[in-house]
Amino acid sequence: MEVKLWNDKRERDMYENFAELYAIIRATEKLEKAYIRDIIPPSEYEIECQKLITHFKTLTSTLRDIIPSIERFADTYKMDCPAAINRLVVSGVPATVEHRAAAATSSTTSAAIVAECVQNFITAMDSLKLNMVAVDQVHPLLSDLSASLNKLTILPPDFEGKTKMREWISRLSKMGAADELTEQQARQLHFDLESSYNSFMAALPNSGT
């Protein structure tokens, strides 16, 4: 005796779409695991993953009224596919694309912080040359420089510029706002800034290339 799963064409289309969605989720889970285990080359993974994501988005857009939650669909059909759910629902792009985007963001962020550090070094040194030696003039400049250096993760905690700026900030904090650096102190601070700046430039990746 033949058992029908549907009563009309509309129901048949629905179940066929369910079966296709199930297959896409399963295939994506296998693809993600293959990529993590280096079984598939990144270039091949990206092409196949993008195809699955495109099919998934097209299919789910037609099933939006019937399947409001993909997670619930996976639970209903007892699908243990966390990697697929993450890739298809949460991320929406292949892992290779995510990694490239993260690397680009990291690179752009680091470049911006480097530029900020250079600007703060030059501003502090120029201010001393202009005889801006009052504590309330010098302290903010060194604080800004110290903060920007601390944001740059490629510099070690004991980097010369970091330790010297901390020492100077500590020294200035014990003085009054209207107090001024002596000629000898200003000269020493400028020397420390210049020395730290040169060390900073040398510590940057690919410096001098």
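A residue is called buried when its relative accessible area is under 20%, exposed when that area is over 50%, and partly exposed in between, using a 1.4 Å probe and protein chains only. By this rule K33 is partly exposed, with a relative accessible area of 37%.

The structure is a predicted model, in which local features need pLDDT of at least 70, side-chain atom pairs count only at pLDDT 80 or more, and totals for chains, interfaces and linings use all residues. Residues are numbered from 1 along each chain as its sequence is written, and side-chain values use heavy atoms, with hydrogens and water left out.

**Domains**

The protein chain is split into domain 1 (9-93) and domain 2 (106-202), with bounds that come from an automatic or database domain assignment. Between the C-alpha centres of domain 1 and domain 2 there are 53 Å.

**Salt bridges**

A salt bridge is a side-chain nitrogen of Lys or Arg within 4 Å of a carboxyl oxygen of Asp or Glu. Searching the whole structure gives eight salt bridges.

| E29 | K33 | 3.8 Å |

Helices are named here from DSSP runs (H or I, at least four residues), numbered from the N terminus. Both E29 and K33 belong to helix α1 (residues 9-36), where they are four residues apart, about one turn of the helix. E29 is buried because its relative accessible area is 7%.

E98 has 33% relative accessibility, so it counts as partly exposed, whereas R87 is buried at 5%.

E116 is partly exposed, with a relative accessible area of 29%, and K151 is partly exposed at 43%. Salt bridges with shared partners join E32, R87 and E98 into one network.

**Aromatic rings**

Rings of Phe, Tyr and Trp (its six-membered ring) pair if their centres lie within 6.5 Å; planes under 30 degrees apart count as stacked, over 60 as edge-to-face and the rest as tilted. The whole structure holds seven aromatic pairs. One of them is the tilted pair of F73 and Y77, with 4.9 Å centre to centre and 50° between the planes. F73 is buried at 5%, while Y77 is partly exposed at 38%. Y15, F18, F73 and Y77 make up one aromatic cluster.

The pair of F121 and Y197 is edge-to-face because the planes stand at 65°, with the ring centres 5.5 Å apart. F121 lies in helix α5 (residues 95-129) and Y197 in helix α8 (residues 183-203), so this pair links distant parts of the chain, 76 residues apart. F121 is buried, with a relative accessible area of 0%.

A charge sits over a ring if NZ of Lys or CZ of Arg is within 6 Å of the ring centre and within 35 degrees of the ring normal. R171 lies over the face of W168 in this way, 4.1 Å from the ring centre.

**A serine in helix α5**

S127 is part of helix α5 and is buried, with a relative accessible area of 7%. Apart from neighbours within four places in sequence, S127 is in contact (heavy atoms within 4.5 Å) with M132 and L141.

Conventions
Helices (H or I, at least four residues) and strands (E, at least two) are DSSP runs, numbered from the N terminus.
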